[in-house]
Amino acid sequence: MLEILVTIPVEQRHRQYLEDTAAQIIGSGGAHFVYRAQKDVDQEMVEKADIILGNVKPEYLKYAAGLRLLQLDSAGAAPYTVPGVMPPSVKLANATGAYGLAISEYMLGASLMLIKKLHLYERNMHAHVWKDEGKVNSIADSVTLVVGLGDIGGQFAQKMHLMGSHVIGIRRNMAQKPDYLEELYQLDALDALLGRADIVACTLPGTPQTEGLFCRERLEKMKKGAILLNVGRGSLIPTMDLCDALHSGRLGGAAIDVTEQEPLEPDSPLWDAPNLLITPHVAGKYHMQQILESVVEIAAYNLKAILTDGNIKNEVDFQTGYRKFTEPAEK
C-alpha cells in the first residue's frame, strides 16, 4: 500500500479529491493518506512516505529511500536542491502557478501606495497631522523593469502594462516576447537597464546565482527616486545596502515581503528606514482561498502523473533550482 503524506492545509473536500484521484488509478484501498500540519511531521513519517504533498523539513529527507515524489506547496525549492538533501531519483515539483494572482496584486498595491505617498498620509493620520506631502507620480507612462518572468513576475508585468507602464522584462531563458512586454532581455542586461526604470520588481528565487544580486553597486545604478519591490527571496538584497539606499534618497521607496533574516529581528535597521514597506512574508501563503485551490490542483495533477508514469508539472531542475524550462514562450 502506498503511503501518501499530505502537509498542505487541505479541507475535507480536498482530501476526498486527492483520495479519489489515487483510487481511480490504483483502486480503493491502494493508498494510505496521512494528513499532518507541517510542524507536526516527524522524520519517521517522512521516511515511510512514498509520496509527499506539501513541504517538510529538508533534513528529514535524506533517508526517505522509498520516496518517489515531493510536491512542494511553495514556489521556492532552494532548500531541497542542495546536494545530498534528497535521495536519488526522487521527483521534485514546486507550486509555480498558484501564487501569481495574489502576489502580483500585492506588488501592484505596494507600488500604488509608494507612488501616491499613501504610507506618509497613513503615518500623518496616526499622528493627527494634516499635511500635504507634495507631488506624486503615476504608473501611466512610467517604466517598469520586472526581473524574473515566471508566474508572479508575468502577472505583475501584465497588470502594469494594462495601466500604461512601459514594461521591460528580464528572464533566465530567452523566448518569444509576450505582448504585454515592450522589451525582453536576459540577466546580463540588468546593469544597463536599471537606470531607465521607475519601478524595479524582483521575483527571483534564492539561488547561489541570485544571492546579493541587488547589492550596493547595483542599487546605485538605479534611477534616482525609483521604487524597488522584492517578493522573491531576502538574500537578493543585502540589508545594509538597502537601508543606505533609502536613507540617501537614491531610492524613492521600497516594498519587501522577504528579508535576509526571517523573522526580522526587532532591532533590525530596516524597521526605521524611510519610505520602506515591510510585510512578514505574507504576500502568498494561504491568505487567499484561490492559492489553496490552485496548490491542490497541482498536487492532484502530479499525484496522477507519478502513479501513471506521466510527465510531472513544475518539475524542479536540481542544477538550477528553477522549474525545468519547457515552454516555448512565456505564459
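Glu105 is found in helix H3, which covers residues 100-115, where helices (H or I, at least four residues) and strands (E, at least two) are DSSP runs numbered from the N terminus. The model is a predicted one, in which local features need pLDDT of at least 70 and side-chain atom pairs count only at pLDDT 80 or more, while totals for chains, interfaces and linings use all residues. Residues are numbered from 1 along each chain as its sequence is written, and side-chain values use heavy atoms, with hydrogens and water left out.

With a relative accessible area of 39%, Glu105 is partly exposed, a class that lies between buried (under 20% relative accessible area) and exposed (over 50%), as computed with a 1.4 Å probe and protein chains only. Leaving aside neighbours within four places in sequence, Glu105 is in contact (heavy atoms within 4.5 Å) with Lys159 and Met288. Lys159 is 54 residues away from Glu105 along the chain, yet their C-alpha atoms are separated by 8.5 Å.

Asn302, a residue of helix H9, is by contrast buried, with a relative accessible area of 0%. Not counting residues up to four places away in sequence, Asn302 touches Leu69, Gln71, Ala93, Ile312 and Lys313.

The interior can be described through its nonpolar cores, a core being a set of buried Ala, Val, Leu, Ile, Met, Phe, Trp, Tyr and Cys residues joined through side-chain atoms within 4.5 Å. The largest of these has 55 residues, and those with the most contacts inside it are Val6, Ile8, Leu18, Leu53, Met107 and Leu229. Helix H9 (residues 289-307) supplies the largest share of this core, 11 residues. A second, separate core of 33 residues includes Ile170, Leu236, Ile237 and Cys243. Val6 touches Leu18, Phe33, Val34, Tyr35, Arg36 and Leu53, again not counting residues up to four places away in sequence.

Taken as a whole, the chain contains 9 helices and 12 strands. Its radius of gyration, taken over C-alpha atoms, is 21 Å, close to the 20 Å that the globule rule (2.2 Å times the number of residues to the power 0.38) gives for 331 residues, so the chain is as compact as a globular protein of that length. The C-alpha atoms fill a box of roughly 65 × 45 × 35 Å along the principal axes. Buried residues make up 51% of the 331 residues, and among contacts with a separation of 6 or more, 61% are accounted for by residues 24 or more positions apart.
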